[in-house]
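Trainee: Please take one residue and look at it closely. Then set it in its surroundings, step by step, out to the whole assembly.

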Amino acid sequence: MKDRKDITEYCIEALQRAGLQKSECTLRDTHKDELNLDSGEISLLRTTDNTSLILNGILDDKEGTIAINKIDSQSIDEAALKVLDLADSSEPDKANDIAPAQPPAVFEKGPEAPDLDLMYTRMKDFMQYIGEHYPSLILEQAILDFTNINKHYRNSNGVDLESRRSSYNFSPMFTSKEGTKTSSFNYAAISTAELDRNLHECGTVDTLINQSTEQVRSMEFHGKFDGDIIITPDCLGGFIYMITSYLSDYPMIKGTSIFKDSLGAEIADPQLTLHSRPLSTKLAEGYFITADGFTAENSTIISKGVLKTFLLSLYGAKKTGKSRAVNGGDSYVVDPGEYTFDEMIGSVDKGILLCRFSGGMPSESGDFSGVAKNSYYIEKGEIKYPIKETMISGNIQNVLNNIKRISRERVNFGDAILPWIQVGDTNIFGK
Amino acid sequence: MILTDLGSYTDLFSEYTELRVQENRTLNVSIVNGDVMGNSRSASSGVSARTFSKGLWGFASNPIIDDENIRKVIRAATRNSQFLAGKENRTGYILPSSPGRSSEDFSTKKSRLSQKEIIDFMMEIDGRIDGKCSRVVSRTSVLQLLDMEKSLLTSDGSSAYSMIPRTMLYISLSTEHDGEPVQLFNVYGGLGQFEDLFSTPEVLFGKLDEHYEHLIRKAEGIHPDSGIKECILDADLAGILSHEAIGHTTEADGVRGGSVAGDYMDQQVASPLVSLVDFASEALGKICPIPVFIDDEGTVAEDAVIIDNGILKRFMHNKESSAYFNARATGNARAYRFSDEPIIRMRNTAILPGKSKLEDMIASVDDGYYLMKPSNGEADSTSEFMFGVVQGYEIKKGRLGRAIRDTTISGVAFDMLKTITAVSDDMKWSNAGMCGKKQLIPVGMGGPAVKCRINIGGK
């Protein structure tokens, strides 16, 4: 078969030949060039090609799915028969369905090929910058990759969607050490369409590295109080994933989501507006096609504190009788607030700057607790010192309702654009 | 079965080279409140090569396993290592060599069940919960099977074939208390294919009844009082402690990256009651949940005794780190997918059993907690750790009291381990988790119960 269009056409034909009444397939070709640094030295150049072909079919409302990484006709024929067997073995569910007809579309984003020499130069410059400015920092690992993904979705309703997207991704992991004093490890992750600036200038890389060198002198915190936390953009992503997990298929279908009856209701302070913008040109990452075969659209999940949409797939929507989300989440963008970061710090009587959160999975009721990592104690409007062995606990609903301030400044990580958020009345306790 | 005869490609090995053919096969069935929400299988296979030139590595992979592509990936990997070697001008290490040959296949000898039979099994479990557990408002059963089949050839003379299967059944039950959802999950399964682990649904019924009873007690339970408390960590928590808090800090790449363990070699880091081992394939006379006989660099795998009677004795190594530290390679280099390079990973990490009885340990606590089941966990280069706890009870005057709601425990491992005053004489293993480093990989973790002082989160 000549190209991805031929392959996906063949897949739908094979599924129909096998006897499936509704069918869909997603073909994804991923090429990655990856430069690795380990223990402060360039260590590995890795080139990988992979194919993922997902075949899905429905027979009498029963569904089966096979994923393979081969695209020859014999492998596809065999996989189609297995889809039939899986569907035939399952139980009927009226919510099983495929996307309705939509206009065909082709999308494209990012450079077609990497500049390997530039990747090498950027990594070497980064190593030199670290050596010159942060001698106590140990780069445990740093990965700079270029990833190109070609995706083609097709189904038996005539949907035919194609995309190519690529980006450079940089993720350093580091610890600082002075004698036997060791900081907590920390890491950064950014995506970018072009390597048009030094790696330490991307996202919050330089800030986190600078903080790491301070954190060899982290101090134990004693006592227990209810105070403010200022969640940094690096840490905020994890909280947004906690919040959005309650809006997705499983908890909504199970009926255990804490937000299941909150559509249209105020679930957060009116300062908070949260979008999912997979099509944003401001983000290097993103996507054009949803997993269930729709052209993705941007959406607003929380508008001025009011919940505007769940994150339900086609199946989840049919199962719950609610509306399907116009995208699959991610690519989160939080609107800027009215305060500068300095004003936010200045307003805190007693609290912490929460730079990383290492916590247990939140419970179905929204309770969470965990350790404040790489974080700082704030008192009387000033950042005092880095802390260690300090825990926080709270409830996701309370976090949303207790938002006091949102910063004007935001950080573009390439896969999200996030501000600092100040939350009051959080339980903070040390030894 | 994947291609196992790779010998004809040795003429293409111009540098130190590893050539691996691998297939990962999965089956996933998930049932939510009687509806089949997931019903899928996957197979992902391919060939990869990794080469070492003047201290630098090159890696390449391709999903097509034929003569042309095998030759291509060897050449591409060699080109990559030479690209870096040409730029870096390094002499590099001489990699140690401990070659071996092995062939280990843990496939079931029983006839395989069809998808229909597996779904019927799951539906019977679901029906049993629906019929017997009246206060359950939502139930989820997820079956995940993973077969990892690998064939490896290295230029220093190792050849290995392995088929290591893992079968896991995750069951999550939710109830409501005062209008608030309360959930408790449990995991069943281990090393082996489905047919060897689950003969009939009835074998799980007793455990499901216990699971339900713990859920109801949890729903009526309390949030723990936060702060440093005397606790008994049951085997599952001791296992995650071994893995997260000690294991990760003693992986040699982590030590080179600044882990505090690098400063503690041959020092007392734990109570003398504590010995901790990363087992290769067999522990205390039994096969481990994730047996590794020859690792993915071709090194014959051996047990790594990390802590011996409280003294830190060694780290876990791949070939390169063993050369750097001038230590013996332990066979800890593992790769998850065919397209992944081997990196230092744990295999089966456990605190060794002691001499105390669990009931005596509980009886010795005046005011504390008995913590039974973890959720997730994370560790740090400082050895500070955090685990989620989803099942536990308060201990008052030596007796178990009310159940506790979900919480988190944390501490600094090399401080906390010194507070251990008792280790139980039993031992449990789990391989339910996937360890995330650069890649995911299944790991085994285990241990007895330990009595210690630890920071517990409240509300």
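Mentor: Start with A:Arg28, which counts as partly exposed at 27% relative accessibility. The label follows because buried means under 20% and exposed means over 50%. Keep in mind that the model is predicted. A:Arg28 sits in strand β1 of chain A, which covers residues 22–38.

Now its contacts. Set aside the neighbours within four places in sequence. A:Arg28 then touches A:Asn50, A:Thr51 and A:Ser52, and also A:Ile149, A:Asn150 and A:Lys151. A:Gly158 gives a distance to check on screen. A:Gly158 is 130 residues from A:Arg28 along the chain, and their C-alpha atoms are separated by 19 Å.

Go on to A:Gly360. This residue lies in the loop between β17 (356–359) and β18 of chain A. Its relative accessibility is 6%, so A:Gly360 counts as buried. Look at what it touches, again leaving out neighbours within four places in sequence. Within chain A the contact is A:Ser369. From chain B come B:Asn376, B:Met386, B:Gly388 and B:Thr408. For a distance, take A:Asn186: it is 174 residues away from A:Gly360 in sequence and 18 Å away in space, C-alpha to C-alpha.

Follow β18 to its end. The strand runs over 367–373, and A:Asn374 lies in the loop between it and β19 (376–379). A:Asn374 is not a glycine, yet its phi is positive, about 50 degrees. With 3% relative accessibility, A:Asn374 counts as buried.

B:Asn309 has its place in the loop between β12 (304–308) and β13 (311–312) of chain B. Buried or partly exposed, then, for B:Asn309? Partly exposed: its relative accessible area is 46%.

Stay in chain B for B:Ser356. The residue lies in the loop between β16 (348–351) and α8 (358–363). B:Ser356 is partly exposed, with a relative accessible area of 24%. From B:Ser356 to B:Lys150 is 206 residues in sequence and 41 Å in space, C-alpha to C-alpha.

Next, the interface. Contact between the chains takes 72 residues from chain A and 78 residues from chain B. Together the two chains bury about 6100 Å² between them. Carbon and sulfur atoms hold 49% of that area. On the chain B side, B:Met37, B:Glu384 and B:Lys438 lose the most area to chain A, together 9% of what that side buries.

Step back to chain A as a whole. It has nine helices and 23 strands. Of its 431 residues, 61% count as buried. Take the contacts in chain A with a separation of 6 or more: 73% join residues 24 or more positions apart. The accessible surface is about 16100 Å², and 47% of it belongs to carbon and sulfur atoms. Chain A has 45 positive and 63 negative side chains, and the centres of these two sets lie 4 Å apart.

For 459 residues a compact globule would have a radius of gyration near 23 Å, and chain B agrees, because its value is 23 Å. The C-alpha trace of chain B spans about 70 × 55 × 40 Å along its principal axes. Buried residues make up 63% of the chain. Among contacts in chain B with a separation of 6 or more, 75% come from residues 24 or more positions apart. Its accessible surface is about 16200 Å², with 48% on carbon and sulfur atoms. As for charge, chain B has 51 positive and 62 negative side chains, with the centres of the two sets 1 Å apart.

Definitions and conventions:
Residues are numbered from 1 along each chain as its sequence is written. Chains are lettered from A and ligands numbered from 1 in the order in which they are written. This is a predicted model: local features need pLDDT of at least 70, side-chain atom pairs count only at pLDDT 80 or more; totals for chains, interfaces and linings use all residues. Side-chain values use heavy atoms; hydrogens and water are left out. The radius of gyration is taken over C-alpha atoms; the globule rule is 2.2 Å times the number of residues to the power 0.38. Buried means under 20% relative accessible area, exposed over 50%, partly exposed in between (1.4 Å probe, protein chains only). Contact means heavy atoms within 4.5 Å. Accessible areas come from the Shrake-Rupley method with a 1.4 Å probe; for residues, only the protein chains shown count as cover. Lys and Arg count as positive and Asp and Glu as negative; His and the chain ends are not counted. The place of a charge is taken as NZ of Lys, CZ of Arg, CG of Asp or CD of Glu. Buried area is the accessible area (1.4 Å probe) that two parts lose on being put together, summed over both. Helices (H or I, at least four residues) and strands (E, at least two) are DSSP runs, numbered from the N terminus.
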